[in-house]
Amino acid sequence: MADTSEHATSSHASSSHARSSHAAASRTFRHAVVTGGAGFVGGHLCEALLDRGVTVTCVDDFSSGSPANVAHLDDARLDDARPAGHARFHLVEADLTRPGALDAVPTDVDLVLHLASPASPVAYLSRPVETLQVASLGTQQALDLARAAGARFLLASTSEVYGDPAVHPQREDYWGNVNPIGPRSVYDEGKRYAEALTTAYRGACGTDTAIARIFNTYGPRMRADDGRMIPAFVMQALAGEPLTVAGDGSQTRSVCYVDDLVRGLLALADSDLPGPVNLGSSTELTVAQIAADVLAETGSSSTTVFVDLPEDDPRRRRPDTSLARSALGWRATTDWPTGLGRTVAWFRDTLAGTGQLTGAGRPGAGRAGAGDGLGE
Ligand SMILES: NC(=O)c1ccc[n+]([C@@H]2O[C@H](COP(=O)([O-])OP(=O)(O)OC[C@H]3O[C@@H](n4cnc5c(N)ncnc54)[C@H](O)[C@@H]3O)[C@@H](O)[C@H]2O)c1
């Protein structure tokens with residue numbers, strides 16, 4: 001499907017000139033706290049920060065993430081300027097839904113990246129109250145840390161704030177179409193509240209905040225069993241099981257490779273922009289096309305079966321990224337075949353030796369609808 005967003009939205013880009021005037025300021029951060037840093041995106045983000053010379057404190061309760069996602073960071077990047085044993089990476093186990101969860105975190109931080117949240121439908125539907133709590137109390141505690149430290153704060157929000165969008169592609173000034181009592185509302189409304197709270201801290205407390213609206217992102221280290229479309233398809237294809245496509249597969253998603261997203265998050269952190277800023281790929285693919293490409297990339301002879309569409313599943317998703325382009329100089333650059341190839345290679349390498357690619361022991365095996373276009 002052709003990417004027309006740049007041309008179609010040029011008037012938006014120029015009319016949002018005032019917003020674009022927050023042009024990228026290049027900052028130097030010394031110490032970042034990454035909540036949810038042991039998750040899929042968080043692990044890549046911690047790695048990128050360490051590569052930039054930043055000390056990182058990762059805070060996570062491992063509810064959907066894992067220490068394995070950051071195990072390679074523990075002692076790999078020792079700071080030469082410090083005595084041996086003083087690593088620049090610190091892992092703190094804490095649940096942000098608990099008051100005082102960040103008390104053990106150092107306050108000499110200049111960047112707080114708040115990612116902690118269940119992110120897949122399987123995760124947030126199984127922990128609905130905790131999902132609302134981490135969006136509310138968790139976000140407030142992360143904001144309080146940033147405020148006390150005088151740090152830049154970045155909220156990892158989501159395209160889900162647009163719900164099942166009535167306008168296409170989605171621009172930051174679209175207010176969304178969310179069912180406040182539907183099954184997905186714990187996540188969608190939680191993130192909408194987190195955006196409101198972040199905006200209130202900026203206005204009332206002078207906290208230096210930014211909001212990123214992240215669209216579907218994929219790549220190595222996604223959990224195989226969390227119901228998100230791409231890992232589910234890849235696992236099904238590698239196991240020789242049918243790929244479960246929701247509806248007739250004509251609904252669309254725009255999928256962004258994780259390295260591009262991380263670059264976008266850091267560009268936003270580096271800037272003075274408050275956001276919200278959409279970060280995602282402008283290339284729109286049908287879910288049926290994604291399934292077909294996974295079959296081709298894996299060389300699998302699996303078939304495709306169609307299952308019921310989940311409630312409130314959005315029909316179309318594509319970000320208007322003209323603000324990120326004009327204000328941050330950012331766009332997703334990894335094309336889908338390249339990103340998919342890397343992702344499939346990672347799943348093959350990581351899981352082949354574990355015996356998880358065949359049989360009922362495979363995570364998520366046999367779960368109906370696992371390959372649908374749900375969520376992110
Ligand atoms: N991956 C995507 O496509 C996508 C799209 C939109 C938004 N996002 C947002 O980006 C962030 C990261 O998503 P992800 O895909 O890496 O998901 P993930 O589940 O892999 O990572 C989330 C991390 O947060 C941790 N966490 C959850 N609740 C917590 C709590 N109460 N206290 C401490 N830690 C907690 C989990 O253990 C996990 O490590 C989330 O906020 C998500 O909403 C992701």
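**Figure 1. Burial of helix H9.** Helix H9 is mostly covered, with ten of its 13 residues buried (20 or more other C-beta atoms within 10 Å of the residue's own, C-beta atoms being placed from the backbone). The buried residues are Val258, Asp260, Leu261, Val262, Gly264, Leu265, Leu266, Ala267, Leu268 and Ala269. H9 covers residues 258-270, and at 1.5 Å a residue its 13 residues should span 18 Å (1.5 Å times one less than the number of residues); its end C-alpha atoms are 18 Å apart, which agrees. Helices (H or I, at least four residues) and strands (E, at least two) are DSSP runs numbered from the N terminus. The model is predicted: local features need pLDDT of at least 70, side-chain atom pairs count only at pLDDT 80 or more, and totals for chains, interfaces and linings use all residues. Residues are numbered from 1 along each chain as its sequence is written.

**Figure 2. Surroundings of Leu265.** Apart from neighbours within four places in sequence, Leu265 is in contact with Leu45, Leu154, Ala212 and Leu279 (C-beta atoms, placed from the backbone, within 7 Å).

**Figure 3. The seven-stranded sheet.** The sheet is open, with parallel pairing and strand order E3-E2-E1-E4-E5-E6-E11 (two strands pair if DSSP finds at least two bridges between them). Strands E3 (89-93) and E11 (277-279) stand at the edges, each with a single partner strand, so one side of each is left without a neighbour in the sheet. Neighbouring strands are turned by 20 degrees against each other on average, direction ignored.

**Figure 4. Strands E4 and E5.** E4 (residues 111-114) and E5 (residues 152-158) run parallel and are joined by four bridges. His114 has Leu155 of E5 as its bridge partner. Helix H6 (residues 128-149) packs on the sheet, touching E1, E4 and E5, and its direction makes about 170 degrees with that of E4 (axes are lines fitted to C-alpha atoms, for helices over the stretch in contact; angles run from 0 to 180 degrees between N-to-C directions).

**Figure 5. Strands E8 and E13.** Leu243 and Val245 point one way from E8 (residues 243-246), Thr244 and Ala246 the other way, and all are buried. E8 pairs in the parallel sense with E13 (residues 304-307) over four bridges. Val307 in E13 is the bridge partner of Ala246.

Technical notes:
A residue is buried if 20 or more other C-beta atoms lie within 10 Å of its own, exposed if 12 or fewer, and partly exposed in between; C-beta atoms are placed from the backbone. Two residues are in contact if their C-beta atoms, placed from the backbone, lie within 7 Å.
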